[in-house]
Amino acid sequence: MSDLPFDVPTDLFIAGQWRPSSNGQRIDVIDPSTERVIASVANATVEEALEAVDAAAAAAAAWAATPARQRGEILRRAFDLMVRDSEQLAELISLENGKALADARGEVAYAAEFFRWFSEEAVRINGDLSTSPSGSARIMVQYQPVGVSFLVTPWNFPAAMATRKIAPALAAGCTCILKPATETPLTAYAVASLLAEAGVPDGVVNVVTTSTAGKIANAVLDDPRVRKLSFTGSTEVGRVLLRKAADQVVNCSMELGGNAPFIVFDDADLDVAVEGAMVAKMRNGGEACTAANRFYVQRGIADAFSQRLAERMGALKVDEGRLATTHCGPLVNASSVSKVASLVDDAVTKGARILTGGKRIERAGYFYEPTVLMNVPASATLLQEEIFGPVAPIMVFDEESEAITQANDTEYGLVAYVFTRDLARALRVSENVESGMVAINRGLVSDPAAPFGGVKQSGLGREGAHHGLLEFMESKYISVNW
Ligand code: NAP
C-alpha cells in the first residue's frame, strides 16, 4: 500500500512461505499519528499457528546440527541487512507504532545489535568439566538447544523485542514461532523477510499474526513439541501465560512490566540528572518498560530539578512520529490516551500540582501533552501502575532510607535510576533497591551485551549478554567414569 515506505510482506510466514490466512480474514494496521489504516495483515487460525509449529519442529534437528559458525554467520548477515535497510525500517516503525523517527532510528540500531551480538555468542557455547568431590566420577556439563520456541512480543519496540528473542534462539540452535503484537505486525514481517534474505533456512523462523492471541497461545503451548516460551509484555498477560505454560511444563522467560523509580540526591549534577530524566522518561514517548515512572527528588534540589524538567518537557515538539522535527509522537492507541488521562486526573484530584501539560491534545491521532506533576501524593494510582505515557510525577524526600523504601514499594522490579556524585551512596542504593537493573547517573540501561530483565513481578530470566543465549539452552550433565 502506498503509505508504507517499502514493500512490506503482510501474509503469514510459515515454513519459508508467505501465505494469506485460509479464512481470508485480515487485521487492519493503524497509524497512531493519523488514525488512518496503513495496511492489513493476515489473521491466522489456530490450525495455521499449529502449522507454524509443524514447520519449526521439522526444521529443528537440522538447525541444531548446523555448525555454530554457520548459524553465527547467518545472524551476522542479518545484522548487515538490517543496517542496510535501517532508514526504511525506522520509517515503518514510526508509521505503525507512532514513535518519533529519532526513537525509531535508535530502535533499529539497537535491534540490529542483537543479531551482531548473538552472531558472536553462537560460537561461545561452552560447557564445563570437573571432578566430583568424592573423586568417583567426572562431571561433564554440555549445553543443548531447548527446542521449538514460542516468542510473543509487544508493540512498543516491534523490532528490538523480536530480534532480542530471535537472535539468541537461532544462535542457540532453536527454531521458533514469533507472534508479534497486533498493533505492530509489519515490522515483524519485515524482520522475517530480512532473515530469509540472510539465509535462515525454511521453518527456522515462522511468524503468525492473529486477532485471537489467547486462543493461539493456548494451542501452541498445548503442543508438547513446543519447549520454550519467551514473552515480553504486561505482567497481567505474563501471569496468564505462565499458568498456561505449566500444563506442559514449558521453560519460560518473561520480560514484564516495570515501575521504575528515578532517585535524585542533593549532590547530583543537575544537568546530568535532567538529561537522564528526559532519556529515561521520554524514550518512545514514555512507552517503555524501562520508563522512569516515579521521580523521588531530595528536598535541596527538588525545586531546581522540577523546574528544569518542566521546561524541557514543555518545550518538546509533539507531532506525527514520522516527521523529522517531532520529539514526541502519539501514544499507540485511543485506550492508552484514556488511561494516561485518567491517571493524571486521579493524581491531580488527590492533590498533585501540574507544572506543565496535563491534558490530551485534541487532533486526529492519539496525543497527550508531555506532563510534569509535582508533590504527587502516595495514594495516586499512577505511582502503582505503569503510566506508559509522557508523564513525570515528582515526589520530594529527605533521607536516603526513605527514598529506598518508597522505590521498593511496588510489585515491580525492572530498573531503577540513581543520580548522585557520591559513589559509595550510588552503590549502596544500587544494592538495596529491588530491581534487576540499575542505572547510575544515566537514563538508559538497554545494551545487547548486558543482561536485561527484572525481579519481583517484572519477570523471570534475562535477555542479552551470554545470559540471553542460555535462556534458549538446557544443560545436560553427563556423569563419566573413565
Ligand atoms: P500485552 O498486552 O501484554 O501484549 C504483549 C503480547 O502478548 C502481544 O503480542 C499480545 O498480542 C499478546 N497477548 C495478549 N494477550 C494474550 C494472551 N491471553 N495470550 C497470549 N498472548 C497474549 O503488552 P503490550 O501492551 O503489547 O506491551 C506493553 C507491556 O509490555 C508493558 O507492560 C511493558 O512494560 C511490557 N514490556 C516489557 C519489556 C521488558 O523487557 N520487561 C519490554 C517491553 C515491554 P495482541 O497484541 O494481539 O494483544
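**Surroundings of the ligand**

In the side chain of W155, an N or O atom lies 2.9 Å from an oxygen atom of the ligand. The model in which this contact occurs is predicted. For T182, the distance between an N or O atom of the side chain and an oxygen atom of the ligand is 2.4 Å. At T153 the backbone takes part, with an N or O atom 2.7 Å from a ligand oxygen atom. The ligand taken alone exposes 900 Å², and 85% of that area is buried by the protein. The space that the ligand takes is the largest pocket.

The shell around the ligand was then examined residue by residue. A total of 29 residues surround the ligand, and the closest are R164, T182, S234, L256 and E386. Sorted by class, 16 residues of the shell are nonpolar, 9 are polar and 4 are charged.

Four elements each supply at least two residues of the shell: the helices α5 (160-172), α7 (213-222) and α8 (235-246), and the strand β10 (226-232). Of the elements, α7 gives the most, with 3 residues. At the level of domains, at least three residues of the shell come from domain 1 (12-256 + 458-480), and at least three come from domain 2 (260-440).

How values were computed:
Residues are numbered from 1 along each chain as its sequence is written. This is a predicted model: local features need pLDDT of at least 70, side-chain atom pairs count only at pLDDT 80 or more; totals for chains, interfaces and linings use all residues. Side-chain values use heavy atoms; hydrogens and water are left out. A residue is near a molecule or strand if one of its heavy atoms lies within 4 Å of it. A polar contact is a pair of N or O atoms within 3.5 Å; within protein, one must be able to donate a hydrogen and the other to accept it, and residues adjacent in sequence count only if both atoms are side-chain atoms. Accessible areas come from the Shrake-Rupley method with a 1.4 Å probe; for residues, only the protein chains shown count as cover. On a 1 Å grid over the protein atoms alone, a cavity is a set of points where a 1.4 Å probe fits but cannot get out, and a pocket is an open set with protein on both sides within 12 Å along at least five of seven lines; lining residues have an atom within 4 Å of a point. A molecule sits in a cavity or pocket if more than half of its atoms lie within 2 Å of its grid points. Ala, Val, Leu, Ile, Met, Phe, Trp, Tyr, Cys and Pro count as nonpolar, Asp, Glu, Lys and Arg as charged, and the others, Gly among them, as polar. Domain bounds come from an automatic or database domain assignment.
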